[in-house]
2 protein chains.
Amino acid sequence: MSRPIVQFWYEFASTYSYPAAMRIEDLAERRGVELRWRPFLLGPIFAQVGWTTSPFNLMPAKGAYMWRDMERICADSGLPFRRPDPFPQNGLKAARIATALASDQVARFSRAVYLAQFGEGWRIDNEAVLATLVTHSGAEAEPILARAASDEIKARLRDSVDEAKGFGIFGAPSVTCADGELFWGNDRLEQALDHALNTHAGG
Amino acid sequence: MSRPIVQFWYEFASTYSYPAAMRIEDLAERRGVELRWRPFLLGPIFAQVGWTTSPFNLMPAKGAYMWRDMERICADSGLPFRRPDPFPQNGLKAARIATALASDQVARFSRAVYLAQFGEGWRIDNEAVLATLVTHSGAEAEPILARAASDEIKARLRDSVDEAKGFGIFGAPSVTCADGELFWGNDRLEQALDHALNTHAGG
């Protein structure tokens, strides 16, 4: 019996991607939905509308609300939370590493990056930090860091950003289903997974 | 026994304010929470960050997603939905009327405006349409329309916008509680009302 597949699109600097990354695997497993972890970058997508930083920095009132909302969400779900400094952090290297990792390591690595950043306040553009997190994910740090800096991986990440644009993705986290349906936000994970289940033809 | 009070902040042109306005009274009643309907305007708040139209128009991918998300929300809750043309509509006159109405009429009027705009595709800047909706709310149209155009009501609506800014409001719908806690979005109504209930001291 085939299982429905969804793609989980996340950006390492994105605040709401953190609680989403911490809970989506459990939500998917309970529904028998298969998950593809898709690291991508919001920078090139924001640049298309002329934004050079996070919209939460561009609109201070919205930013202030987001920090409070994150505190509430993390408190409710028992997640540690501290506001990263600077915000947003540069998630480019982490996204390249996630792109380079084998599929059974990318989820562990990604959650570790989020916990390091939003739980511990670590800098995720730091190579030593990233090496530690790669090791934690079960891979060898040195060859993965080298591979993450290769032209092949850089091109694959660029392709992921293009694919995200093709789905109409404009923010993170986002979930896309096999029929192309797009869901945006940590608030929409359940709805996205239920949609994948309800529209799945295979059996 | 005193009841907790929340303020429901809505903008007539705001898409997500529509499903929120249609369901919040029922949610509040079930929890024994008292509701204050607070019409306001997003235009002056968006203008502070240099936006001259809806962010859904400024970021086309986000706009396309919002229309699809609205279709899903309205389908799930049995609400009629059509995309208004133009978008956003000019909700200034409707907001002044809502400000002029007695508190027992403002909820009925506001829901009627949303249904006319997003259910029927009517222009809510049209005086004849607005007169019909005022009558529907149980008030006499002519004196209310005259009062809505008075300096007193214009000033009261401006004061509401300033009060919204003071709460840190940056979008609609929003809910504020007696302790100043702010919740944004149709997705947060339940959480806002529960917060008001759980932090209510009176008894």
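Predicted model: local features only at pLDDT ≥ 70, side-chain atom pairs only at ≥ 80, totals over all residues.
**Two copies meeting through one surface**

Residues are numbered from 1 along each chain as its sequence is written, and chains are lettered from A and ligands numbered from 1 in the order in which they are written.

The contact draws 12 residues from chain B and 12 residues from chain A. On the side of chain B that touches chain A, the elements giving two or more residues are helix H4 (60-77) and strand E4 (182-184) of chain B. Helices (H or I, at least four residues) and strands (E, at least two) are DSSP runs, numbered from the N terminus. H4(B) gives the most to this side, with four residues. By type, the residues on this side of chain B are nine nonpolar, one polar and two charged, where Ala, Val, Leu, Ile, Met, Phe, Trp, Tyr, Cys and Pro count as nonpolar, Asp, Glu, Lys and Arg as charged, and the others, Gly among them, as polar.

How are the chains arranged? Chain B is superposed on chain A by a rotation of 180 degrees with 0.0 Å of shift along its axis (RMSD 0.0 Å). The two copies are thus related as by a two-fold rotation axis. Of the residues of chain B, B:Asp187 comes closest to the axis, at 3.8 Å (C-alpha).

Now follow helix H9 (residues 151-166) of chain A. At 1.5 Å a residue, its 16 residues should span 22 Å, and its end C-alpha atoms are 22 Å apart, which agrees; the expected span is 1.5 Å times one less than the number of residues. The buried residues of H9(A) are A:Ile153, A:Leu157, A:Val161 and A:Ala164. They cover an arc of only 90 degrees around the axis, which puts them on the same side of H9(A); the arc is that of the directions from the helix axis to the C-beta atoms. An α-helix has 3.6 residues a turn, so residues three or four places apart point the same way. On the other side of H9(A), exposed residues include A:Asp151, A:Glu152 and A:Asp159. A residue is buried if 20 or more other C-beta atoms (placed from the backbone) lie within 10 Å of its own, exposed if 12 or fewer, and partly exposed in between. Among the elements covering the buried residues of H9(A) are strand E1 (5-10) and helix H5 (92-100) of chain A.

Back in chain B, two cis peptide bonds deserve a look. One joins B:Asp85 and B:Pro86, with omega about 0 degrees; the bond from B:Phe87 to B:Pro88 is also cis, with omega near -10 degrees. B:Pro86 is found in the loop between H4 and helix H5 (92-100) of chain B, and B:Pro88 is found in the loop between H4 and H5 of chain B.

Finally, the largest nonpolar core has 59 residues, and B:Val6, B:Ile97, B:Phe109 and B:Val113 have the most contacts inside it. Such a core is a set of buried Ala, Val, Leu, Ile, Met, Phe, Trp, Tyr and Cys residues joined through C-beta atoms within 7 Å. Helix H6 (residues 103-119) of chain B gives the most to this core, with seven residues.

Technical notes:
Contact = placed C-beta atoms within 7 Å. Least-squares fit on C-alpha atoms with pLDDT ≥ 70 in both.
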